[in-house]
Amino acid sequence: MDPSTTPPPDKNSPEKKEKKKIGRTHHFFLRGLAISLPPILTLVIVIWVAGIVNNYIITPTTTTVRYCIAYFTDDSQPRDNFVQLESLPPLEYCRNDYLVSRDYARELEAMNQQALSQIPRNLFTDKAWVPFGDRAVPYQDYREVAKRIRPSDMPTTAMGLYMELATTRWFKSLFNLSAVAVVLTIVALYFLGRFVTARIGAWMVYKFEQGVLARLPVVSNVYSSVKQVTDFFFSERTVDYSRVVAVEYPRRGIWSLGFVTGDSMLEMTVTAGEPLVAILVPTSPMPVTGYTMSVPKSEIVDLNITVDQAFQFCLSCGVLVPPQQKVTDELLREELGKRLLGDRNLAGFKVQIAPPEPTTQTSTIESEHTEADENTNTTAPAKSDQPEKSDQNGEPPEEKAP
């Protein structure tokens, strides 16, 4: 068949409709992903940070508070002070696996079986002790813990039992205990700072660092590095850390966020021949880590964002862009206007770029002819100093009609 006579493809064919339907489905899927991804990533990051805080701050503090309370409220005694009798009635949660004191055991052995059966059960609960390894705890404390937790989660030591008892008896729930532990930690850190700020506190800390920690082979290196980092973040400084900049890293044409931490070293500045600044380039999604580099001041660009917005941008891997930094037509025109005027502090200026006037070939030719006529009229004819030549008969040449 001749290709010239082949009919054009029908736009309403089933194949075209199917491709159009697949394209719409793909577009809707991407739009749904773009809307749902930012809150999902935010939730994941929040949960991740909360897990770190819970595992390394709240849980150790809560455990310390529970241990201190259990240490002072521990009523357990050595197991050797008690004996076990087979003829005693079973008790709740422990059946016959409980002990009584030696003096009380002698009184029970002196009774006959009928008198023993007439003893009230609550009298045994006051005299019974439950064994936990080499210790024994009162049955009342054991029953209070056993009513709340499962048998598989039952502590295996007396100290563990009283740690569980401290949660329910003193704070009603683990959440209340955790809240109190966090408050106590904050108060303790405050008073510790007050103590270290004083002369005697600073002197004691210095002596402890130089006399104990500095003499340990491995601990001294680790402690000195950790102390430098903590002093860098938590001590009072005059460096402005609210300055967020952009720098071309790792090569020209690729821009990265950076936090200005201060001025660079002297020898680097002298070698470079211009002022250098120290910049921390954070990594995603962990902005607390990164690379420290010295960059010339002329090669950095100050960004109009806060430190929190920069951290959000790094944590979300570029998904959460600050509102004032989103690329839109209006903001792009405004920034271009500021660059053209050379004033970056100008606010509210908008540039209206008019389209160029159309030019045609005819108008160009006419303009060229017009310029040529003007040049001809304005230019005077040059007169020659030589006389005009005559024809062969000696007569001057006839003037030609124009």
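In which loop is the place of K172? The model is a predicted one, and in it K172 belongs to the loop between α6 (158–171) and α7. The backbone of K172 has a phi near 70°, a positive value in a residue other than glycine. Most residues other than glycine have a negative phi, and most peptide bonds are trans. K172 has a relative accessible area of 68% and is therefore exposed, since exposure begins over 50%.

Two packed helices are described by the angle between their axes and the distance between the axes. For helix α7 (residues 174–197) and helix α8 (residues 199–211), the axes come within 4 Å and cross at roughly 90°. The two helices are therefore roughly perpendicular to each other, because angles of 65 to 115 degrees are placed in that class. On the α7 side the contact is made by F195, V196 and T197, which meet R199, I200, G201, A202, M204 and V205 of α8.

Burial within individual helices can be followed in α5 and α11. In helix α5 (residues 139–146), the buried residues are Y139, D141, Y142, V145 and A146. These residues lie on the same side of α5, because the arc they cover around the axis is only 160°. In helix α11 (residues 307–315), the buried residues are Q309, A310 and C314. Here the arc around the axis is only 135°, so these residues too are on the same side of their helix, α11. The cover over the buried residues of α11 includes the strands β6 (244–248), β7 (255–263) and β8 (276–282).

The chain continues from α11 into a loop. Just after α11 comes C317, with a positive phi of about 60°, although C317 is not a glycine. C317 lies in the loop between α11 and α12, and its relative accessibility of 54% means that C317 counts as exposed. The loop between α11 and α12 (329–341) also holds V321. With a relative accessible area of 30%, V321 is partly exposed. Leaving aside residues up to four places away in sequence, V321 touches F313 and K326. The C-alpha atoms of V321 and A310 are separated by 8.6 Å, with the two residues 11 apart along the chain; A310 is one of the buried residues of α11.

Two further backbone features concern proline. A cis peptide bond joins Y249 and P250, with omega about 5°, and P250 is located in the loop between β6 and β7. Another cis peptide bond joins S284 and P285, where omega is about 0°. P285 is found in the loop between β8 and β9 (290–296).

The view can now be widened to the whole chain. The protein chain has 13 helices and 10 strands. Of its 402 residues, 23% are buried. Among contacts between residues at least 6 apart in sequence, 44% join residues at least 24 apart. The accessible surface of the protein chain comes to about 30,900 Å², and 59% of this surface belongs to carbon and sulfur atoms.

Terms used
Residues are numbered from 1 along each chain as its sequence is written. This is a predicted model: local features need pLDDT of at least 70, side-chain atom pairs count only at pLDDT 80 or more; totals for chains, interfaces and linings use all residues. Side-chain values use heavy atoms; hydrogens and water are left out. Buried means under 20% relative accessible area, exposed over 50%, partly exposed in between (1.4 Å probe, protein chains only). The arc is that of the directions from the helix axis to the C-beta atoms. Contact means heavy atoms within 4.5 Å. Accessible areas come from the Shrake-Rupley method with a 1.4 Å probe; for residues, only the protein chains shown count as cover. Axes are lines fitted to C-alpha atoms, for helices over the stretch in contact, and angles run from 0 to 180 degrees between N-to-C directions. Angles under 35 degrees count as roughly parallel, over 145 as roughly antiparallel, 65 to 115 as roughly perpendicular and the rest as oblique.
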